[in-house]
Amino acid sequence: MSITVVTLRRPASDSSYVRATLKGMALTFKHIFQRKWTMQYPEETSAPDWTISPRYRGTHRMAVDEHGKAKCVACGLCPQVCPANCIKLIPGEDEQGNRYPLVYEIDEFRCVFCGYCQEVCPEEAIHVGVHYENAEYSRDRFVYDLERLMRQPHAPSSLWDPTDPKGE
Ligand code: SF4
Ligand code: SF4
């Protein structure tokens, strides 16, 4: 592989920068009369053109069945696959032998929002969600327990679809 040396010619010391300055000012002036793309967040999040991709992976939510119970059957796959080790599951079993989560927690602060938990879940119970406004004042508030995960109202992520890689 050959190496090419490019020599840059610096402007002469007596060059005038007036033309370049005027061109820059003209460009700035032109934008005064064009549509402004800056959005005043959070006041304008409900603007018509404010959208988040349905594939966005954010705050989790736990799906519930028709009786309002968590769909999770405590199979243990999601804590097994989680690369951040941020899912805590303690399984329980009822009199009929049905498994359910006695404790199910996700530390959203440690989560890397990979979406593996959603992909691996056989019950389509746990989802990453189309939601990101989850700021808190203390670290412990980022640990979402089962009740809190079940209360999340936002849409579940559609994740990345290999048949539609650009999401069109
Ligand atoms: S999105 Fe990834 S890192 Fe976060 S809880 Fe699920 S598996 Fe773990
Ligand atoms: S993979 Fe689904 S069913 Fe299994 S423990 Fe996780 S949330 Fe529950």
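This is a predicted model: local features need pLDDT of at least 70, side-chain atom pairs count only at pLDDT 80 or more; totals for chains, interfaces and linings use all residues.
Of the 15 residues that line the second largest cavity, His60, Cys82, Cys111, Cys114 and Cys117 are the closest to its centre. This lining divides into 13 nonpolar, two polar and no charged residues, given that Ala, Val, Leu, Ile, Met, Phe, Trp, Tyr, Cys and Pro count as nonpolar, Asp, Glu, Lys and Arg as charged, and the others, Gly among them, as polar.

The second largest cavity is the space taken by ligand 1, in the sense that a molecule sits in a cavity or pocket if more than half of its atoms lie within 2 Å of its grid points. Around ligand 1 there are 14 residues, of which Cys82, Cys111, Cys114, Gly115 and Cys117 come nearest; a residue is near a molecule if one of its heavy atoms lies within 4 Å of it. The shell of ligand 1 has twelve nonpolar, two polar and no charged residues.

The structure holds two cavities of 30 Å³ or more, and the largest, with a volume of about 110 Å³, is where ligand 2 sits. Its lining is made up of 16 residues, with Cys72, Val73, Cys75, Cys78 and Cys121 nearest the centre, and helix H2 (residues 77-81) gives the most to this lining, with three residues. Helices (H or I, at least four residues) and strands (E, at least two) are here DSSP runs, numbered from the N terminus. By class, the lining of the largest cavity comprises 14 nonpolar, one polar and one charged residues. Among the residues that surround ligand 2 are Cys72, Cys75, Cys78 and Cys121, together with Leu89, Tyr104 and Ile126, and the shell around ligand 2 has ten nonpolar, one polar and no charged residues.

The largest pocket has a volume of about 280 Å³, a pocket being an open set of points with protein on both sides within 12 Å along at least five of seven lines. It is lined by 14 residues, of which Lys69, Ala70, Cys72, Arg99 and Tyr100 are closest to its centre. Strand S3 (residues 99-107) gives the most to this lining, with three residues, and the lining as a whole has six nonpolar, two polar and six charged residues.

Strand S3 also pairs with strand S2 (residues 87-93) in the antiparallel sense over seven bridges, two strands being paired if DSSP finds at least two bridges between them. Within this pairing, Ile90 has Val103 in S3 as its bridge partner. S2 and S3 form a hairpin with five residues between them, and Gly97 in the turn has a positive phi of about 85°.

Residues are numbered from 1 along each chain as its sequence is written, while chains are lettered from A and ligands numbered from 1 in the order in which they are written. Local features need pLDDT of at least 70, side-chain atom pairs count only at pLDDT 80 or more, and totals for chains, interfaces and linings use all residues, while side-chain values use heavy atoms, with hydrogens and water left out.

Note on methods. On a 1 Å grid over the protein atoms alone, a cavity is a set of points where a 1.4 Å probe fits but cannot get out, and a pocket is an open set with protein on both sides within 12 Å along at least five of seven lines; lining residues have an atom within 4 Å of a point. Grid points are joined across faces, edges and corners, and a volume is the space filled by probe spheres set on the points.
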